[in-house]
Amino acid sequence: MKKWLYTLLVIVLAACSNEIPEQQPAKRSGRTVLAYLISNNAGTSLDKDLRNNVIDMYTALGNMKESCTLLVFYRPYAEDTPLSKPTLMSFYADGRGNINNVAALTGAELTFDAVCYRIAQKKEYTMNSQIATDPAVMEEVFTDMQKIAPSDSYGLILGSHATGWMKGTSVPTKAFGDDNGYSIDIPDLADVLKKSFSEKLDFVLFDACMMGNAEVGYELKDVTSHCIASVMETPVYGFPYDQILPYLYSENVDYSAVCHEFVSFNKTKDVWGTCAVMDCSQMENLASAVKAKLSEWEDALSSVSMQNVQQYGVNSYKYFSYDVLDFFRELGGKSGVAETDLNEAIASIQTVLNGAVIAKECIPNPSNSSFRVDEARFCGIGMYIPKEVNDYVPDNISWNNWNDYYKQSISWYRAAGWADLNLN
């Protein structure tokens, strides 16, 4: 009898604790969603918006009709409240309105402080001398996530500042992440994910600017099946997680719905927005198609007028991402292809893009914004055009920094055939 009472007491104490248990939990079926959110920004602070993102994720969990698991790593400002240190929070929803064995908070009770203090099971990190974009730190956190929540598969949300394939230490860029100004370059991020996960992630969702380009999708092709991202700047509100999170737990994710919810949400905020999903297994095919067409039309590259090609990004984010298909429309025209025959001439690119970009949506040319998108010329993703081809850039842009890094570090440069061309 005493032994039975002692066992019961241990179980009750474990259930009431908000510390992540040390023992190895049972493997859960289905997909576990992981989020890696970096505040402590040297640039525009995203702290308020990232906190709201966590609240929206929690709200979605409370409304789930099936059990599911969410782990959120949050990098706050130093000695901030309620999280004074980088913290990994775990949430287990039972599909009946309970999260971590407590009825889901609603109304005035639903605050970031309450979610962190009252609900989350937590593990704190003492990385004051480290940064959340350090590959070693990221690997440690991703390893902990998998120990805490073993799962059939994982999907990953990455939320912070970013600037696509660009090197984080050149020009005003952030690659991915802004932890007091420090970021991680995309090839390094791909390496971290490869080392951290034994199987491909089901998806990587970038809640960050300018990540929807071919260079990023190609770098990640060996570590994730799908990449969800915007080819333009992402408004600070981020994704509407209370709407999209249920889709991310589905066995077969409705990626078109994810894009639609993001764009619809931005319309309610009266801002801009683009969203697309790359099937990363098709990025090699896209690179081959681009390479073949660049080789076929190489002689016309010097005649391309880049001001005629739809580019993405404004202000300091300009000139490093152009619409893939629209570029080949311009190149085809300079190759002597009649306008009436252009669609047929670029059919090889369009066909592969149809397989590589499986969902896309945008807000076309919002009247109150400089974030302009011609929907008819929006293929979903962009790519960099090397300076030897691009005639439409001000003198104050650090071209050599961009080009050197692109040629040395970005795999797409060679895969897409730029390295094989005689560019002057």
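**Helix packing in the predicted model**

Helix α4 passes helix α5 in a right-handed crossing, as seen in the structure shown here, which is a predicted model. The two helices, α4 spanning residues 135-148 and α5 spanning residues 186-196, pack at an angle of about 35°, and their axes lie 9 Å apart. On the α4 side, the contact is formed by Pro135, Met138, Glu139, Phe142 and Gln146, which meet Leu189, Val192, Leu193, Lys195 and Ser196 of α5. By residue class, this contact of α4 with α5 comprises six nonpolar, two polar and two charged residues.

The crossing in which α9 passes α12 is left-handed. From α9, Met283, Asn285, Leu286, Ala289, Val290 and Lys293 meet Ser348, Ile349, Val352, Leu353 and Ala356 of α12. The residues of this contact of α9 with α12 divide into eight nonpolar, two polar and one charged.

In helix α7, which covers residues 241-249, the buried residues include Tyr241, Ile244, Leu245, Leu248 and Tyr249. These five positions cover an arc of only 145° around the axis, and they are therefore placed on the same side of α7. In general, an α-helix has 3.6 residues a turn, so residues three or four places apart point the same way.

Technical notes. Residues are numbered from 1 along each chain as its sequence is written. This is a predicted model: local features need pLDDT of at least 70, side-chain atom pairs count only at pLDDT 80 or more; totals for chains, interfaces and linings use all residues. Side-chain values use heavy atoms; hydrogens and water are left out. A crossing is left-handed if the near helix is turned anticlockwise from the far one by less than a right angle, and right-handed if clockwise. Helices (H or I, at least four residues) and strands (E, at least two) are DSSP runs, numbered from the N terminus. Contact means heavy atoms within 4.5 Å. Ala, Val, Leu, Ile, Met, Phe, Trp, Tyr, Cys and Pro count as nonpolar, Asp, Glu, Lys and Arg as charged, and the others, Gly among them, as polar. Buried means under 20% relative accessible area, exposed over 50%, partly exposed in between (1.4 Å probe, protein chains only). The arc is that of the directions from the helix axis to the C-beta atoms. Axes are lines fitted to C-alpha atoms, for helices over the stretch in contact, and angles run from 0 to 180 degrees between N-to-C directions.
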